Amino acid sequence: MTSISSETRPFPAADLGTLVVMAWSGEQPDGDMPYLLAYSLGDGANGPEGSAAAVEQLLKANGLPLGDEIVDATRQPSFPVSLLVESGQAVVSMTQLNAQCPVPPEWLEAVGERGYAYFLFTTRPWAEAEPGKPVEPEALAAFAGDEETLNNATHALVPARSLRA
C-alpha cells in the first residue's frame, strides 16, 4: 500500500533570489493607475529557472492564479496579499513574504484617489532591473508589457491601507 503525505514541502526561499518591488503610475482613461511590479532578479540558488519555479510555488501556495485574469481583491477581504502605504513606502505582504519599496509622489496621489493599486507579480526574472539602479521607462514598458511577463504573473487590484486609517 502506498501512502501520500499531505505535508507541505518547506518553501525554498533561497531559490527565489533577490525579489524586487517597483512602483510607478500610468495614465488610464479614468485617471492615473498606481502599479506595483514584483519580480526576481533570477539570482537564486538554482539560477533564473529555479527562481521562476520558486516564485510560481510562492504564488500558488498563496492561492494566487497565474495568467491574464485580474483579481479584484478590493471585494475579497481575505485576499492573501495586503498593501500598506506609509511614509512614502509601499509594503506588500503575503504568507512567507514581506517586501517594501519607495513610491513616487504621483503614485501616492493615484493610490489615494483610487484606494488600491494594480499588483503584478511575475515568475519571469528580470536581471537587468536591480534595486537602486534607475530603469528607463522604455525598458519598464517592454518588460511589464511583454506577453511572457503578463501570462506568467498574478494580476490583482489590491486595496491600499495606511496606519492612519
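Colleague: Leaving aside its neighbours within four places in sequence, which residues is methionine 22 in contact with?

Modeller: Methionine 22 is in contact with Tyr35, Leu36, Leu37, Tyr39, Cys101, Trp126, Ala129, Val135 and Leu140. This is a predicted model. Methionine 22 itself lies in strand 1, residues 19-28.

Colleague: How far apart are the C-alpha atoms of methionine 22 and tyrosine 35?

Modeller: Their C-alpha atoms are separated by 8.1 Å, and the two residues are 13 residues apart along the chain.

Colleague: Is methionine 22 buried or exposed, and why?

Modeller: Burial is read from relative accessible area, and a residue under 20% counts as buried. Methionine 22 has 14% relative accessibility, so it counts as buried.

Colleague: Let us turn to the whole chain. How many helices and strands does the protein chain have?

Modeller: There are five helices and eight strands in the protein chain. Read from the N terminus on, the order of elements is α-β-β-α-β-β-β-β-α-β-α-α-β. The chain is as compact as a globular protein of its length, because its radius of gyration of 16 Å is close to the 15 Å that the globule rule gives for 165 residues.

Colleague: What part of the contacts with a separation of 6 or more comes from residues 24 or more positions apart?

Modeller: Such pairs account for 69% of those contacts in the protein chain. As for burial, 44% of the 165 residues count as buried.

Colleague: How many residues of strand 7 are buried?

Modeller: Strand 7 covers residues 116-122, and seven of its seven residues are buried. Tyr116, Tyr118, Leu120 and Thr122 point one way from the strand, while Ala117, Phe119 and Phe121 point the other way. Residues on both sides of strand 7 are buried.

Colleague: In which sense does strand 7 pair with strand 2, and how does strand 8 run to strand 7?

Modeller: A pairing is read from the bridges between two strands. Strand 2, residues 31-40, pairs with strand 7 in the parallel sense over four bridges. Strand 8, residues 153-161, runs antiparallel to strand 7, and seven bridges join the two.

Colleague: Where is threonine 149, and what does it touch?

Modeller: Threonine 149 is in helix 5, residues 147-151. Not counting residues up to four places away in sequence, threonine 149 touches Thr122, Arg124, Phe143 and Ala144. One of these, Thr122, belongs to the set that points one way from strand 7. Threonine 149 has 0% relative accessibility and therefore counts as buried.

Colleague: Where are serine 87 and glutamine 96 found?

Modeller: Serine 87 is in the loop between strand 4 (82-86) and strand 5 (89-94). Glutamine 96 is in the loop between strand 5 and strand 6 (97-102). Serine 87 counts as exposed because its relative accessibility is 66%, whereas glutamine 96, with a relative accessible area of 48%, is partly exposed.

Colleague: How many positive and negative side chains does the protein chain have?

Modeller: There are 8 positive and 22 negative side chains, and the centres of the two sets lie 7 Å apart.

Technical notes. Residues are numbered from 1 along each chain as its sequence is written. This is a predicted model: local features need pLDDT of at least 70, side-chain atom pairs count only at pLDDT 80 or more; totals for chains, interfaces and linings use all residues. Side-chain values use heavy atoms; hydrogens and water are left out. Buried means under 20% relative accessible area, exposed over 50%, partly exposed in between (1.4 Å probe, protein chains only). Contact means heavy atoms within 4.5 Å. The radius of gyration is taken over C-alpha atoms; the globule rule is 2.2 Å times the number of residues to the power 0.38. Lys and Arg count as positive and Asp and Glu as negative; His and the chain ends are not counted. The place of a charge is taken as NZ of Lys, CZ of Arg, CG of Asp or CD of Glu.
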